[in-house]
Number of protein chains: 2
Amino acid sequence: MIGNVIVGQSGGPTAAINASLAGVYHSAKERGAGKVYGMIHGIQGLIEGKYVDLSKYIKDGLDEELLKRTPAAYLGSCRYKMPDAESNPQVYDTIFKLIDKLEISVFIYIGGNDSMDTIQKLSEYGAKIGHACRFVGCPKTIDNDLPLTDHTPGYGSAAKFVATAVKEIVKDTYCLEYSKGLVTIIEIMGRDAGWLTGAAALSKGEDCVGPDMIYLPEVPFSISKFLNKIEKLLKKKPCVVIAVSEGVKNSNGEYICNSGTGAQFTDAFGHKQLTGTASYLSRLVSAEIGAKTRSVELSSLQRAASHCASRMDLIEAFQAGGAAVIEGEKGNTGVMVTFERVSDNPYNSRLAAKDVTQIANGVRHVPVEWINDAGDGVKEEFFTYARPLIRGEVGQITVDGIPRHLPSPVMKEYE
Amino acid sequence: MIGNVIVGQSGGPTAAINASLAGVYHSAKERGAGKVYGMIHGIQGLIEGKYVDLSKYIKDGLDEELLKRTPAAYLGSCRYKMPDAESNPQVYDTIFKLIDKLEISVFIYIGGNDSMDTIQKLSEYGAKIGHACRFVGCPKTIDNDLPLTDHTPGYGSAAKFVATAVKEIVKDTYCLEYSKGLVTIIEIMGRDAGWLTGAAALSKGEDCVGPDMIYLPEVPFSISKFLNKIEKLLKKKPCVVIAVSEGVKNSNGEYICNSGTGAQFTDAFGHKQLTGTASYLSRLVSAEIGAKTRSVELSSLQRAASHCASRMDLIEAFQAGGAAVIEGEKGNTGVMVTFERVSDNPYNSRLAAKDVTQIANGVRHVPVEWINDAGDGVKEEFFTYARPLIRGEVGQITVDGIPRHLPSPVMKEYE
């Protein structure tokens, strides 16, 4: 018997994070779980005693389908770094008392690198005190940078939105710019890894030239090479489109946008919040080349555009949620569900689980061999890797012309 | 007999502008037109002798369907203001010589306020020299600000994207912000008329609280009322979401983004930079209230997001293209196709045509009675008006996970 399950969502949301939540709920119920609880605003809310009985919110199959299509973390998210058990035993005591009170046997956390740190700490603490509760991670991040997994749910939908939006912006640029020369710079999320920025390349095809240059954070960014290439291209064509990661750095390892004007602040994990790379580069091009420029930030829609979700991504996110339940049922703790690719074409991946200690706080980069020699584009290997993950559309459920979502407990009190 | 037809696209594109092009092509062919030509980059390209035979590009019904789903102006656009015939007769001479050479009997221009100025000038010149060619305007603009028509094709799709994106951003904000207070300001296109900004209100529904404040350019923007309301709201809730038109002005008629010294900052190159409205207001809120802020520009996706097109909009855009052909066939010149609303619910509109002299260079505003007394939201009348225009989805035709478009002659040479 699986007993009671609790599930939380953490970190930046994705268009697939609620499909994983639906997967946890569906599998737990199907496997005979008593109660399935949801933490409100992740572990941070749980510490304050905030949780809900999910059966009060997910009442039938239609609710489950709406939940899969609902953007942002349905239960609310948090960016809370667990303290060490030695320095702050009260936090652990609070959490484990709640686990006992709710008779939780499986604790599932849907999140990225930082959230797996939470799973690692809780499972280690549980082992130390001899607690029976299992702690399982369910992967989620648009950045696709979790180690030991072929890819991460959330990435496929974000990549599909980026590829679609970049294609539309490229078309917009070519139709408007006739002869004068316009440089459009599109900024894409992904602080450390270029998986999402690379997805801009997927806009290229038999009906679209795609961006002229794509800059990933994996290789140092050279301003002089960047400007030279633009000048060369503007002699041949009226517009140049560039996709750039928010996290590109120069050869000294300094963020390019640090020379810019974007506001910066540091989050609880010590990460610098970046804005303004495209804006900075636009001004640079304008000042150095004199060309007309436009900068576009794809903004939080990269993680929130459920209306453009990838079917494959939502299917796999749902599967990952279910697999997390099974890992817990099997008695595994301190693990995260992973994907192992079996084949590219036809695409097939196998679910597995790996020790979180090798995942927590780690980063998986785009292989440098997948980036071209000039450092301004991705090779065929990237297309082969990413294409299966963005394939397929999700049937929209719309009311009055816009997508209908499952009403979230987080927003309910402000209605 | 209808003879030969030429069609051009002008001004900022929309997600529906190519559905009108498809409508022109389809109706002209069906009514026995000989050739249907497309101007490359509108009248500007035509003056340089650039045009294509559309039958070489639209080969069958599938091509027509792809064209309807293709973002940006398929034939390329321009922002060219026709000179007066008195001051620059050569331009008119060039155009009418081409009309004679191609044996054009109907000249259709798909565009907004400025494009109707072109139709007016050409039809007046044609009448003056006794030319038989008819000049007909087909309405297009995301701004929805053309006089004498209930609405304009292109608006419905842009409004649907704005409502969908704002809903997703609102959800993203509520899920991430727990207790600290985050003010998100979303900037929306429409310098003079608030139709598109008002569409942010359509995000509100039984599953979403929507934005807290919506500012249209039709009413003066008061910075003190704006700041007071945010402070009041932050006492009750963790996040505040605001939608603002790029064109809001203070009571002196000055654009808010130009008004204060705070609007300007010096960039890394020592140049004073003018920021956008949302970016300026974010800095203001941060400085005056001390709240964390985020500004989002929905960018050119507002006019290019074909992947989120409204079915009603695409149907009506196609109909408008066809109606323009019929106007020309009937011998009417100097007119633009318009929509007259028959009823809101069930929604029904009737096609008509009006004299362009009353449309060219004019602006139709959101009625002030549709804006609430506080000047920070829209009333039920706006919902009743806008909802029918965003209803219905367009079946996607995707290849490798992203929308397939009809390859444009404008981009072909750069492949």
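A residue is described here as buried when its relative accessible area is under 20%, as exposed when that value is over 50%, and as partly exposed in between, with a 1.4 Å probe and protein chains only. The structure is a predicted model, in which local features need pLDDT of at least 70 and side-chain atom pairs count only at pLDDT 80 or more, whereas totals for chains, interfaces and linings use all residues. Residues are numbered from 1 along each chain as its sequence is written, chains are lettered from A and ligands numbered from 1 in the order in which they are written, and side-chain values use heavy atoms, with hydrogens and water left out.

Helices (H or I, at least four residues) and strands (E, at least two) are DSSP runs, numbered from the N terminus. By the accessibility criterion, Asp117(B) is buried because its relative accessibility is 6%. This residue belongs to helix H5 of chain B. Beyond its neighbours within four places in sequence, Asp117(B) is in contact (heavy atoms within 4.5 Å) with Lys81(B), Ala360(B) and Asn361(B).

Helix H5 (residues 113-129) of chain B also takes part in a right-handed β-α-β unit, together with S4(B) and S5(B). Right-handed here means that, with the strands pointing away from the viewer, the path from the first strand over the helix to the second runs clockwise. Strand S4 (residues 104-111) of chain B is largely enclosed by the rest of the structure, because eight of its eight residues are buried. Two strands are said to pair if DSSP finds at least two bridges between them. S4(B) runs parallel to strand S1 (residues 4-9) of chain B, to which six bridges join it; Val7(B) has Ile108(B) as its bridge partner in S4(B). Six bridges in the parallel sense likewise connect S4(B) with strand S5 (residues 134-139) of chain B, and Gly137(B) in S5(B) is the bridge partner of Tyr109(B).

Thr149(B) lies in the loop between S5 and H6 of chain B. With a relative accessible area of 3%, Thr149(B) is buried. A polar atom of its side chain lies 2.8 Å from the backbone oxygen of His151(B). When residues up to four places away in sequence are not counted, Thr149(B) touches Met336(B), Thr338(B), Phe339(B) and Arg364(B).

In chain A, Lys292(A) is located in strand S11 (residues 292-297). Lys292(A) is partly exposed, its relative accessible area being 42%. The side chains of Lys292(A) and Glu177(A) make a polar contact at 3.4 Å. A polar contact is a pair of N or O atoms within 3.5 Å; within protein, one must be able to donate a hydrogen and the other to accept it, and residues adjacent in sequence count only if both atoms are side-chain atoms.

At the interface, 77 residues of chain B are in contact with 76 residues of chain A. The two chains bury about 6,300 Å² between them, 63% of it on carbon and sulfur atoms; buried area is the accessible area (1.4 Å probe) that two parts lose on being put together, summed over both. Within chain B, the most area is lost to chain A by Glu168(B), Tyr178(B) and Met411(B), together 13% of what that side buries. Eight salt bridges (a side-chain nitrogen of Lys or Arg within 4 Å of a carboxyl oxygen of Asp or Glu) are counted between chain B and chain A. One salt bridge joins the side chains of Asp400(A) and Arg391(B), at 2.8 Å from N to O.
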